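Here are a few exercises on charged side chains and how they pair up. Have a look at the model, try each task, then check the worked solution.

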Amino acid sequence: MTSTPQTYFPDGFLWGGATAANQIEGAYAEDGKGLSIQDVMPKGIFGAITDEPTADNLKLEGIDFYHRYAADIALFAEMGFSVFRFSIAWSRIFPLGDEAEPNEAGLAFYDRVLDELERHGIEPLVTISHYETPLNLARTYGGWVNRDLIGCYERYVRVLFERYGHRVKYWLTFNEINSVLHVPFMSGAIPTPREELREADLYQAVHHELVASALATKIAHETNPRIQVGCMVIAMPVYPLSPNPDDVVAAMDADHANLMFSDVHTRGTYPGYALRLFRERGIELDITDADRELLTNTVDFVSFSYYMSSCETADPAKKAAGEGNLMGGVPNPHLPASQWGWQIDPQGLRVVLNQFWDRWQKPLFIVENGLGARDELVEVDGIPTVVDDARIAYLNDHLVQVGEAIADGVNLLGYTTWGPIDLVSASTAQLSKRYGFIYVDRNDDGSGTLARYRKKSFAWFAEVIRTNGASLVRS
C-alpha cells in the first residue's frame with residue numbers, strides 16, 4: 001500500500017464522532033431524569049423488555065459520560081474534532097414525556113456540555129430523539145402509533161430550540177427513523193410485539209414520526225433561520241444477488257422500503273411506490289390536510305448511518321440460506337464480515353452517497369460509520385493501549401471511498417464516526433463490541449474502573465483530521 005495525497009475533502013469539512021445519550025451518559029435516575037425505553041432493554045434490540053430497570057442493564061451506568069463529559073470532550077479536542085454528535089435524553093427534559101413544564105436540571109446538564117464544546121471550538125450536532133423515548137409514552141400512549149405523541153414531541157422540541165437554538169446549528173429529528181419497520185419498540189416506542197403488530201399500525205406510527213419531524217423543521221426555521229435540520233436514516237444499499245431481472249426487482253423493492261422515509265423528508269409527499277404498497281396491502285392511513293401541509297417543511301440536509309450493504313433475491317431457496325446483516329437481506333458472497341456478522345463494504349458507501357445525492361440533491365452528512373470489534377488492552381512502551389489495526393483499515397478504506405464520492409460531485413458536509421469512545425452497543429447491549437478510538441475499562445459483567453485509554457486509532461484519526469484526509473492510504 002502506498003500513501004496518496006487526498007485533495008478531495010473540501011475546506012471546512014466537519015470531522016468528528018457520534019454518540020447517543022442512552023449508550024454513554026449513565027446516571028439514569030439522577031437530577032430528575034425519568035425512565036426511557038432503553039432503561040428496560042437490558043439485552044439490546046432483540047432481548048426481553050423488563051418491567052423495571054435491572055442490574056444487568058449496562059446502559060444504566062453507560063460509560064458515565066454524565067460525570068466525565070469534560071474530560072471526554074477534551075480527548076475529542078485532542079484528536080482535532082470539529083464536530084461532535086450527541087443526543088439529548090428526552091426523559092431528562094420531560095421525565096414522563098407529557099408534562100407541561102421541562103426539568104431544569106436536565107436542561108442545565110446540556111448547557112454544560114455545550115459550554116465544553118464551545119471552549120474547545122467543536123461544533124455540536126444534536127439528535128433530538130435517539131432511541132430513548134420516555135417509557136411513559138410507550139406504556140401510557142402506545143408509542144408513536146398514537147397521534148398524541150406529535151404534541152409531546154412538539155413541546156419537547158420547542159423547549160430545545162428556545163434553549164439551545166442560538167448555540168446549535170445542526171439538528172437531527174429522529175435517529176435511523178427507517179429502523180421502526182424492524183425494531184418498533186426501540187425506534188417507535190411501540191410496546192406491541194413485532195409479530196402481533198398490525199402493518200397498518202406500524203405505518204401509522206411511521207406517518208406520525210414523519211409529521212413530527214416536519215413540524216420540528218418548521219419550528220426550527222421559525223425560531224432561528226440559521227438552524228439546519230436534517231433527517232437521519234439507515235443507509236444500506238441493496239444489490240441484486242444475480243443479474244436475473246427478478247432479483248433486480250427484488251432489490252429495488254427492498255431499497256424502496258428504506259428510501260421512502262427520506263423521500264418524504266426531502267420531497268414533502270409520499271412517493272408513488274409507497275402509495276401502491278399501502279393500496280395493495282389494504283393500509284389506510286389517517287392523514288389529515290394539516291399533516292400534508294406540515295410535510296412540505298422539508299429537511300435542509302440528509303444524514304445517515306452506514307455500516308453494511310446487503311443483497312436481495314426473488315429465489316425462495318436462496319433466501320433460505322440465511323439472513324445477512326442488521327435489517328435482513330441475503331449475505332453477499334463477495335464480502336467479508338465483522339466479528340458480529342456485519343458485512344464490510346467500503347465501496348457501498350460511495351454507492352449510497354452517489355445514490356442519495358442524485359436522488360435528493362440535498363447536502364449529505366455521514367453521522368455514523370465504524371467497526372465494532374473485540375479489543376484487547378495491552379501495554380506498548382509501558383503505556384496501556386489497544387493495537388486496533390483492523391479498525392484503522394476499516395475506517396481508512398471507507399474514507400477513501402468517501403473521497404471518491406466527493407470527487408464524483410457529492411455535496412458532503414462531514415463525517416462523524418461511531419462511536420469515538422467505547423460505549424454500550426445498541427444492538428447487543430454489550431461493551432465488548434467496541435467502536436471507539438478511546439478504550440473504556442468496563443466489561444460486559446459491569447466490572448471495570450471506567451478509566452480511559454487512547455487506542456492506536458486515536459493518533460491515526462487525529463492525523464486524518466490534521467491533514468484533512470491527505471494521510472489516507474489507497475490499496
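**Salt bridges, worked through**

Arg-391 and Asp-388 pair up in a salt bridge, with 2.9 Å between the closest N and O atoms. Bear in mind that this is a predicted model.

**Exercise 1.** Find out whether Arg-391 and Asp-388 are buried or exposed.

Solution. Take the two partners in turn: Arg-391 is buried, and Asp-388 is buried as well.

**Exercise 2.** Work out which parts of the chain are tied together by Arg-92 and Glu-25.

Solution. Start with the contact: Arg-92 and Glu-25 form a salt bridge, their closest N and O atoms 2.7 Å apart. Next, place the residues: Arg-92 sits in helix H3 (residues 90-93), while Glu-25 is in the loop between helix H1 (21-24) and helix H2 (65-79), so the bridge ties together parts 67 residues apart in sequence. Now check burial, where the cut-off is under 20% relative accessible area. Arg-92 comes in at 1%, so it counts as buried. Glu-25, at 4%, is buried too.

**Exercise 3.** How many salt bridges does the structure hold?

Solution. The count is 33.

Definitions and conventions:
Residues numbered from 1 in each chain as written. Predicted model: local features only at pLDDT ≥ 70, side-chain atom pairs only at ≥ 80, totals over all residues. Heavy atoms only, no water. Salt bridge = Lys/Arg side-chain N within 4 Å of Asp/Glu carboxyl O. Helix = DSSP H or I, 4+ residues; strand = E, 2+ residues; numbered from the N terminus. Buried < 20%, exposed > 50% of the residue type's maximum accessible area, 1.4 Å probe, protein only.
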